[in-house]
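Hi,

Here is the model I said I would pass on. Have a look at it first, and my notes follow below.

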Amino acid sequence: MIIPEPEQEKLLEAERPKAEELSKEEQYLLEIIKVPGIKGHLDCLEIKFHFSERFLNLNSSLQSLRKAVVGVEDNPQLKQLFIMLLKVGNFLNQGSNKGNSLSFNIDILTNLKQSKGVGVHQKSTMLDFLLNSILTKTPEVAQFAVKLEGCQEASKIDLKVVGDQLRNLNKQ
Amino acid sequence: MQDETGMLEDDSEDMKAIEALQFRIEYQEVFLSKFSAFRSEMDSKVEYAKLEFDQLSERSDKLIKQFGCDPQRFLPKDLFQLLFEFAKDFSESYMKMLQKIKAEEERLKRLKKKAKEGRPTISGRATVCEDDPAVIKAEIEAFKAKLR
């Protein structure tokens, strides 16, 4: 919305006695500046107008993050799977210096298709062994993936950007 | 000293200023009353979002640490991306393996069914299904023997 600057206001006020001679736009501006604190009020209206949309966007990001966090935290099957993965890894690496590990690097999760065993197990991947083990012993573990569905949406959300959006809302 | 007319003019100027001020105050009051409901709604929503944000930041940092990573370098979105990729790969392979098992079960079921129907084989002696590898092998051996 167009609001005259203080200098323009003065110029317009000087023209008020002969307002009828001014253009329609100038007459409109003359009327507008009669309203006390018009700029502040329009700013408030602008905030009110956009607040719902901004809050919904922010809240939607927060809910996606919450779903993903809960999906990982409240996922006993995922914990069980990691224990199995460690065991399978140790089994496949029997005889090598990695054969008795107590933990594994998280990056391995995306390389399971490519990671192969050593010696007699070199034809099978970690994922093959893991799937076999799950199918034959603990099929309920496969449910871990369902709980991680929220991770797809959350992987697109930058927490820093969400923080900035929140600070902007707070400033208003 | 001011004359009587001058005094009156000054009074009317003051009155105009007071009226303008009153109008301004009344306008502000109306404006504030109209906005106060929205203001408190906005404050409570922002407060809720702030609490939620703080809590989620803390919980995702904790998760990243539990996965043995540094929350300063490894962001929550990286963790979720990695877990999503893993779950996707796993599910796809799991489904493929299930389909394989199902297909194998169906094949065995078909074999059993054929065996039950007792179809004669080429040689006319065996009554089990000709798809059975053992039967096929036996038939080949019999055929070879015949040729000899």
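In which hand does α4(A) pass α5(A)? The crossing is right-handed, a term that applies if the near helix is turned clockwise from the far one by less than a right angle, with anticlockwise giving left-handed.

Some housekeeping before the rest. This is a predicted model, in which local features need pLDDT of at least 70 and side-chain atom pairs count only at pLDDT 80 or more, while totals for chains, interfaces and linings use all residues. Residues are numbered from 1 along each chain as its sequence is written, chains are lettered from A and ligands numbered from 1 in the order in which they are written, and side-chain values use heavy atoms, with hydrogens and water left out.

Back to that helix pair. Helix α4 of chain A covers residues 76–92 and helix α5 of chain A covers residues 126–136; helices here are DSSP runs of H or I with at least four residues, strands are E runs of at least two, and both are numbered from the N terminus. The two axes come within 10 Å and cross at roughly 125 degrees, which makes α4(A) oblique to α5(A). Axes are lines fitted to C-alpha atoms, for helices over the stretch in contact, and angles run from 0 to 180 degrees between N-to-C directions. Under 35 degrees counts as roughly parallel, over 145 as roughly antiparallel, 65 to 115 as roughly perpendicular, and the rest as oblique.

On the α4(A) side, the residues that meet α5(A) include Leu81(A), Met84(A), Leu85(A) and Val88(A); among their partners in α5(A) are Met126(A), Phe129(A) and Leu130(A). Contact means heavy atoms within 4.5 Å. By class, this contact of α4(A) with α5(A) has 10 nonpolar, 2 polar and no charged residues, where Ala, Val, Leu, Ile, Met, Phe, Trp, Tyr, Cys and Pro count as nonpolar, Asp, Glu, Lys and Arg as charged, and the others, Gly among them, as polar.

Helix α5(A) also meets chain B. The axes of α5(A) and α2(B) come within 10 Å and cross at roughly 60 degrees, so these helices are oblique to each other as well. Their crossing is right-handed. Leu127(A), Leu131(A) and Ile134(A) are among the α5(A) residues in the contact, and Phe90(B), Ser93(B) and Met97(B) among those of α2(B). The residues of this contact divide into 10 nonpolar, 2 polar and 2 charged.

Ser93(B) deserves a click. It sits in helix α2 of chain B, residues 76–117, and is buried at a relative accessible area of 16% (buried is under 20%, exposed over 50%, partly exposed in between, with a 1.4 Å probe and protein chains only). Leaving aside neighbours within four places in sequence, Ser93(B) touches Lys113(A), Leu127(A) and Leu131(A).

- Ala145(A) lies in helix α6, residues 144–147, and is buried, with a relative accessible area of 11%. Beyond neighbours within four places in sequence, Ala145(A) is in contact with Ala87(B) and Ser91(B). Its C-alpha atom is 9.3 Å from that of Gly71(A), 74 residues apart along the chain.
- Asn111(A) is in the loop between α4 and α5 of chain A and counts as partly exposed at 35% relative accessibility.

As for chain B overall, there are 3 helices and 0 strands, running α-α-α from the N terminus. Of its 148 residues, 24% count as buried. Among contacts in chain B between residues at least 6 apart in sequence, 0% join residues at least 24 apart.

Cheers
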